[in-house]
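User: I'd like to learn how to read helix packing and sheets in a model. Please walk me through one.

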Amino acid sequence: MAAETGTGAVAGSKAEAIAELMLEVAQCFFRIRAIGQKTGLITSWGGGAFGFMRSLAVLGPLTVPQIAQMRPTSRQRMQRLADELAAEGLVEFADNPKHRRSKLVQLTPQGTARYREMDAQLLAIASTMGGALGEADILRTTEVLRQVSAEVTARTARLP
């Protein structure tokens, strides 16, 4: 049982609220992944094709290690996804003037077109959701999730 604080609030209620938020986000993630797999935004084995391609569309050519650093995943997993997307003709590897062995990954014209289709598909899905929420609620929730995510990232970096 949580102890009372000097203000009369129950110590731990904030911790319990954060824990509940984290669990709800995890459940939501798995539901989002299921939608993504059914619509092709995520590969059948769980690779985030849309997110990978979005990084390239927004940031330009990147190395596989750079892409992996942006996500809580291994370089090997991102290499697998890069190879899969390259086999489909959606990305290509280019020489990297800053590093001989670490190629840059960039969208092909076909990949750019597919990314735009996927982005439109995501917006179409998103446009049918959140009916009871106002835009301000959605923006505030996004900001809260970014803050929690940043704290989780920082905590993860401190772990052995």
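Analyst: Let's begin with handedness: a crossing is left-handed if the near helix is turned anticlockwise from the far one by less than a right angle, and right-handed if clockwise. Helices (H or I, at least four residues) and strands (E, at least two) are DSSP runs, numbered from the N terminus. This is a predicted model, where local features need pLDDT of at least 70, side-chain atom pairs count only at pLDDT 80 or more, and totals for chains, interfaces and linings use all residues. Residues are numbered from 1 along each chain as its sequence is written, and side-chain values use heavy atoms, leaving out hydrogens and water.

User: In which hand does α2 pass α5?

Analyst: The crossing of α2 past α5 is left-handed. Helix α5 covers residues 109–127, and its axis comes within 10 Å of the axis of α2, at a crossing angle of roughly 115°. Axes are lines fitted to C-alpha atoms, for helices over the stretch in contact, with angles from 0 to 180 degrees between N-to-C directions.

User: Which residues of α2 and α5 make the contact?

Analyst: On the α2 side you'll find A49, F50, M53, R54 and A57, and α5 brings G111, R114, Y115, M118, D119 and L122. Contact here means heavy atoms within 4.5 Å. Sorted by class, that's seven nonpolar, one polar and three charged residues. Ala, Val, Leu, Ile, Met, Phe, Trp, Tyr, Cys and Pro count as nonpolar, Asp, Glu, Lys and Arg as charged, and the others, Gly among them, as polar.

User: Now the sheet: what is the order of its three strands?

Analyst: Strands of a sheet pair through backbone hydrogen bonds, either parallel or antiparallel. Here the sheet is open, ordered β1-β3-β2, and the pairing is antiparallel. β1 (62–63) and β2 (91–94) are the edge strands with a single partner strand each, so one side of each has no neighbour in the sheet.

User: How many bridges link β2 and β3?

Analyst: Four bridges join β2 to β3 (residues 104–107) in the antiparallel sense; two strands pair if DSSP finds at least two bridges between them.
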